[in-house]
Each structure stands twice: as structure tokens, then as C-alpha cells.
Amino acid sequence: MELKVYDKPLFIEGLTFRMPVEKVEEYLRIEKEIWFEDLCTLPGFVGGETWVSEDNPGEVTCLYFWESEEAYKSIDPEFSKDHKDRTNQAIDTEFICAWHGENKRFKVREFHK
């Protein structure tokens, strides 16, 4: 087992969306095309994960990890607006929640087999 403990916990930006189940694969493609490379250019961005729900078909949760909450908050609003607009033009999703506002979460460790 490999255990990684973060000296400084990573801030988690969590977003959940709902869409028709037949659109999930398209959403995953669009998320990669529109967001991934550009996020990797931002200072403090560490990486991300995307989860799909089996119990709530069509529900997708995106987790993006940041060196700090300050790094996340330093994102240029125009960057966010442009990328959100491009995503919304490509696919219609219903925004469910962002769980990095009132109930902040931090990644403190992870382990792999």
C-alpha cells in the first residue's frame, strides 16, 4: 500500500451537475477538452477527479484540488466565466451544488494499492 500524507492539506473545489444519463459521456469529453489543460496552467492548481453516480444516473461530481483556498480564490473571474459559457454552449447541465463554500473540505491524505 502506498500512503501519501499532505504536509499542507489541499483545498477541494467540488461541483455537482445533473444531466440526461445519455449525455454523461459527452460531458466527460467536454470537461476534458474545455477545462483540463487550461486549469493546469493556473498557479496553485494540483489536479482533479470526476465521479459519476450509479444511484443517481446523470449526476456528475467534479473535484479540483488546489494548493490552498487562496489559490482557488485567485482564479480570474473572466477565466471562469469563459469556461463556464463554453461548457454551457456545448452541453446543457443542471447545476446542483458547489461544496466548497460553506462546508469547506481539504484533502489530507490518500492511499493506493
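Glu69 and Lys73 sit 4 residues apart in helix α2 (residues 69–73), about one turn of the helix; helices here are DSSP runs of H or I with at least four residues, strands are runs of E with at least two, and both are numbered from the N terminus. The side chains of this pair meet in a salt bridge, N to O at 3.1 Å, the term being used for a side-chain nitrogen of Lys or Arg within 4 Å of a carboxyl oxygen of Asp or Glu. Glu69 is buried at 14% relative accessibility, while Lys73, at 58%, is exposed; the cut-offs are under 20% relative accessible area for buried and over 50% for exposed, with partly exposed in between (1.4 Å probe, protein chains only).

This is a predicted model, so to speak of local features takes pLDDT of at least 70, side-chain atom pairs count only at pLDDT 80 or more, and totals for chains, interfaces and linings use all residues. Residues are numbered from 1 along each chain as its sequence is written, and side-chain values use heavy atoms, with hydrogens and water left out.

Glu69 also meets Lys104 in a salt bridge, at 2.8 Å from N to O. That pair ties together distant parts of the chain, 35 residues apart: Glu69 in helix α2 and Lys104 in the loop between β4 (94–98) and β5 (106–112). Lys104 is partly exposed, at 38% relative accessibility.

Elsewhere, Lys23 pairs with Glu26 in a salt bridge whose closest N and O atoms are 3.5 Å apart. Lys23 is partly exposed at 34%, and Glu26 is partly exposed at 25%. Arg18, Glu59 and Glu94 are joined in a network of salt bridges. The count comes to 10 salt bridges.
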